[in-house]
Amino acid sequence: MDSVSVEEPINQKSTFDLSFKTKLKEINNLLINVEKNSNETKHFQEILQKINELQEFVNDSKTFLPAYNMKKCANEIKDITKCYEQMHEKVLPKKKFTFGKRQTKSVVKANIEETFEPINKSKVYKEDYGFKNRSNETLKLTEDQTYSKDIALDVLNNCNVFICGTPSTVRVSSLSACKVFACASTSIFVENCKNSIFVSASQQLRIHDTVETDFYIYVTSSAIIENSKQLRFAPITLNSSPIVKKSFEMANFDESTNNWKIINDFDWLSSYESSPNWCEIPEKERNQPLEENIIVENVTI
């Protein structure tokens, strides 16, 4: 009888863990669909409904969930809600009230086509700036080029990338053997990368389909990984990264709120064992790239 009473809460919690992760993953996948295709605005109502259902699910489970797990779930719901709100504001911004039409001055823009490779519009927002199809180069974006923009890095090999300033988002796809220095005022999304190093600061960090990659990070929410393995994480050392440090200060981040240890692995459901897909970088092995050691001559800007 005693064994049954002990096992029942454990079974309840295991079932809860599976359901919670599955529901959270569904919401995250819907957000990614909107992020990749800004025309998918029909998903916003569904996302909001699923977030509310997830909150009700947690509330209904408080009779057997430990306080620690309740707090952890509440934080994850808070993070996914913030992702939803930021995505909604980006894709469907509220119209500002005006008293009448105002004649706008034409603005002469720099010739972006000469600076950046064309970006696949099916994957990113049409106003993205960034680099595509580059190899063996040092690439840099200035503060003026990135301010409140969406930055895209796509198909880079053996490149060093410096993203100065405070872009809104940074989306990275198909990088190999690269070093990336970046700060985003909202989110950084990494997919299909391998054998690379990221030195980054952001509110949210999402990593998909990525292997053998190190992350030296600052993140205010919990990082999310999916279909990834052999990832390693360590806290960013801002003094070793002047570009990121300046951007960090411009974004008004608080260094004391770094949640670099909180990694939410959607492919690992157990709350009792650590995920085999990621680990902390041992202190003796932490070797955050130093910007001054990277040759910056002939930088492409």
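Predicted model: local features only at pLDDT ≥ 70, side-chain atom pairs only at ≥ 80, totals over all residues.
User: In which strand is Glu212 found?

Analyst: Glu212 also deserves a look for its backbone, as phi of Glu212 is near 50 degrees, a positive value in a residue other than glycine. With a relative accessible area of 44%, Glu212 is partly exposed. The strand in which Glu212 is found, covering residues 211-219, is S10.

User: Is H2 roughly parallel or roughly antiparallel to H3?

Analyst: Helix H2 (residues 43-60) and helix H3 (residues 67-91) pack with their axes 11 Å apart, at an angle of about 170 degrees. Angles over 145 degrees count as roughly antiparallel, so the relation of H2 to H3 is roughly antiparallel.

User: How many nonpolar residues does the contact of H2 with H3 have?

Analyst: H2 passes H3 in a left-handed crossing. The residues making the contact include Phe44, Ile47 and Leu48 of H2, and Met70, Cys73 and Ile77 of H3. By class, the contact has no charged residues, 3 that are polar, and a nonpolar count of 13.

User: What distance does H3 reach from its first C-alpha to its last?

Analyst: H3 has 25 residues, for which 36 Å is expected at 1.5 Å a residue. The distance from the first C-alpha of H3 to the last is close to that expectation, at 36 Å.

Methods. Residues numbered from 1 in each chain as written. Heavy atoms only, no water. Axes fitted to C-alpha atoms, helices over the stretch in contact; angles between N-to-C directions. Helix = DSSP H or I, 4+ residues; strand = E, 2+ residues; numbered from the N terminus. Parallel < 35°, antiparallel > 145°, perpendicular 65-115°, else oblique. Left-handed = near helix turned anticlockwise from the far one by under 90°. Contact = heavy atoms within 4.5 Å. Nonpolar A, V, L, I, M, F, W, Y, C, P; charged D, E, K, R; others polar. Expected span 1.5 Å × (residues − 1). Buried < 20%, exposed > 50% of the residue type's maximum accessible area, 1.4 Å probe, protein only.
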